[in-house]
Amino acid sequence: MINEDSKDAVEEFLSDPEIAPFVTRVERLPAVEAIWTDFPPGLDPRLRQALASRGVDRLYSHQRACWDLAAAGNDYVVVTPTASGKTLCYNLPVAQALLDDPDARALYLFPTKALSQDQQAEMNALIEAGNLPIKAATFDGDTPQSTRKAARDSGRIIISNPDMLHSGVLPNHAKWIKFFAGLRYVVIDEMHAYRGVFGSHVANVIRRLIRICAHYGAAPRFILCSATIGNPGELAEALVGRPVTAVTQNGAPRAEKAVVFYNPPLVDAVQGIRKSSANESMEIAAKLLASGTRTILFARSRLKVEILASYLNQRFENIYTDNRHIRVEPYRSGLLPGERRLIERGLREGSIHGVVSTNALELGIDIGGLDAAVIAGWPGSLSSFWQQAGRAGRRRGASMAVYVASSAPVDQYLIAHPERFLGSGAENARIDADNPYVYADHVKCAAFELPFREGEPFGPDVGEVLAFLEETGTVRNTGGRWFWSDSGYPAEKISLRSATADNVVIIDTTKGRNEVIGEMDRPSAKELVFDDAIYIHRGRQYIVLKLDIENRQCLVEERETNYYTDAVVKTDIKVLSEDERGGSESLPFVVGDLLVRSSAEKFKKLRFHTNENIGYGEIYLPPEEMQTRAVAVLFPATGRPGAILAAMGELERAAVLSAFCGTVRSLAPVNLLCDRSDLGATWRARDDHYGIPAVYLWDRYPGGTGLTEALALSLPGVLKNALERVASCDCEDGCPSCVGVADQAFAAVRKRKAGAKRVLEAALMAVGRDGALEG
């Protein structure tokens, strides 16, 4: 294993002749000593005893700083790395407050139910160690009805998630009077997870929570915890709507870690095509597992997680050695709660040796001591990268994280510029609590919970939204107050995490089982579990018999196949408004509203292991539509970039625009705290709306989340990175690492890369560094 006594395992891995030639850099992060402080003088003796019984006789410096801020009555956010003892930063002041006041209550919010369960166990251990007169109870979607009343009535610490607070607690606040009246602290852990759409929703849920608390005479303080991001104070203040003090100095020790940058070998030097990062990651994970190193492999999609876990288990398959006593499990959204907990327990206890996960295990769930993390492709942000790398070595000595680059431009850019990992500050997290779609939904929820008084503050323009809702019959104004007048309650129809609250349940009908084995949001279901699709669940293959969108269910049957399926999605757009302009006369860009219509029309059948396309099938499902925010980059013939395009033939112009669009979209996540999948993009050789060549990039959530505006402001930097990637790539005429492999329609175009480079150079010169937005 990789620990203090056998650091040679890292050297052995790096000297492997199949690995060493493709390692581009190894960064060794040295061990760091702890910064200790004494217990605060006001700490309750029972808490001292509880801590001492668990081997804690002093605090890290950041834990003491948090205690002091809590004692002064301040809201604060603590921002330290994985496994730095953030739990005590809130457990100590909360437990102290509850011991001082028998009527005091606290609410803990975690982004996932798995984290809630994990922290319930942690809190129970502290309570039992000191025999503390405090009851902590989990209240989420998995809590049995029989125990919910007891949790409401006697739970002094309620552990939940924003979804349950939104749909289960706030709409039923009359059942929680005692709890809300005594609420002293609200703890929001893993704050960095609350960004983009999810964070925008959560900020509005917090607005509603504060409003309900004020109704019952309470004014709770907020404690937030986060992994490293660039603007923790700003994000915390945006979430809770008031000033927050940031604690950023980490006092916890850090074990030695090796960060390995691995660029898969070229298989076609002319086209610049490299071996699959997913397959290479699987090979690396297999080597580590075979050497006895407990390993986590992070993959980029639910489908990839299932496929790679299956490949790894097949690699070690041997009936005589019980698969060499190596067990690997997939971990992703869509698994049932019981399945997730079995996997988490197996990792803690050591019966599971490897796990292939989406970013679901990026958060701080206790999965015991893993020794290596393999990261297949850029995870979307530095914050995510370090969170994933931090899952190895959480409780032991030296550990290793291996970043395996894909052929995508963003990965190749980062392999060429590892200083972006090692020398740059973390990116900023963005939310837009005033997003009109999100905000209006939560005004509805708030009106259902309590009538609005005339002039009552709640976000930017509650009066205007209420007046609009009155016109639709949703609320009515009586005696200077706005009352809910619609049927049902709105929270049940509003999902915090996706554009729709509609989930499709996946039902296994094999041999009449009729057993629910998973679930999926409706838009994803249309692209992943359409009729005749192959659905993979914990290594088992199922064929989709029927996707019934109307009744929100998908019927599947277990069946062995030698292929998996992948949908081909077609996208159409329509400009709805032009709100802001920027750039220059030579390269203007416009920010506005866009209607995006997407539909899965056919699917490919891809053979396992080789990814060979062995056939197509048709998909017959209605399209998804959404209105969102977009930036359109325009190429007028009067400007240098447009003139270059105008001088080209029709096919070459289309090929170059396609290359420009793909490269810019791929590199934009380097400048924004987002995943590549958060942005949509397309190009038009002659745009229907503007009448000239155009490239569109849009936010892939209804109403937008601020990504489009941030992209418009950082466009010069994005163009600069895109040009550098294309110019530094040594392929002949385009490859996956720069402008991408040409579509079949552009196979005859021979100057696609050179054309894209010329347009990027001219675009960067045209937009300069002052492409500011204008209202």
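Analyst: Let's start with strand β24, which is covered on both faces: I534 and I536 on one side, and Y535 and H537 on the other, are all buried. Buried here means under 20% relative accessible area, with exposed being over 50% and partly exposed in between (1.4 Å probe, protein chains only). In a regular strand the side chains alternate between the two faces of the sheet.

A word on the model itself. It is a predicted one, in which local features need pLDDT of at least 70 and side-chain atom pairs count only at pLDDT 80 or more, while totals for chains, interfaces and linings use all residues. Residues are numbered from 1 along each chain as its sequence is written, and side-chain values use heavy atoms, leaving out hydrogens and water. Strands (E, at least two residues) and helices (H or I, at least four) are DSSP runs, numbered from the N terminus.

Now to the partner of β24. With strand β25 (residues 540-548) it pairs in the antiparallel sense over 4 bridges; two strands pair if DSSP finds at least two bridges between them. I534 stands opposite I543 in β25, and Y535 has Y542 as its bridge partner there. The two strands form a hairpin with 2 residues between them, and R538 in that turn has a positive phi of about 50°.

Axes are lines fitted to C-alpha atoms, for helices over the stretch in contact, and angles run from 0 to 180 degrees between N-to-C directions.

Helix packing can be followed elsewhere too. Two packed helices are described by the angle between their axes and the distance between the axes. Helix α21 (residues 650-671) and helix α24 (residues 752-767) pack at about 65°, with axes 8 Å apart. On the α21 side the meeting residues are A655, V656, A659, F660 and V664; on the α24 side they are R752, G755, A756, V759, L760 and A763. By class, this contact has 9 nonpolar, 1 polar and 1 charged residues. Ala, Val, Leu, Ile, Met, Phe, Trp, Tyr, Cys and Pro count as nonpolar, Asp, Glu, Lys and Arg as charged, and the others, Gly among them, as polar.

A last pair is helix α2 (residues 45-53) with α4, packed at about 145° with axes 10 Å apart. Their crossing is right-handed. R46, L47 and L51 of α2 make this contact with L88, L92, A95, Q96 and L99 of α4. Helix α4 is mostly covered, with 14 of its 15 residues buried.

Methods
Contact = heavy atoms within 4.5 Å. Left-handed = near helix turned anticlockwise from the far one by under 90°.
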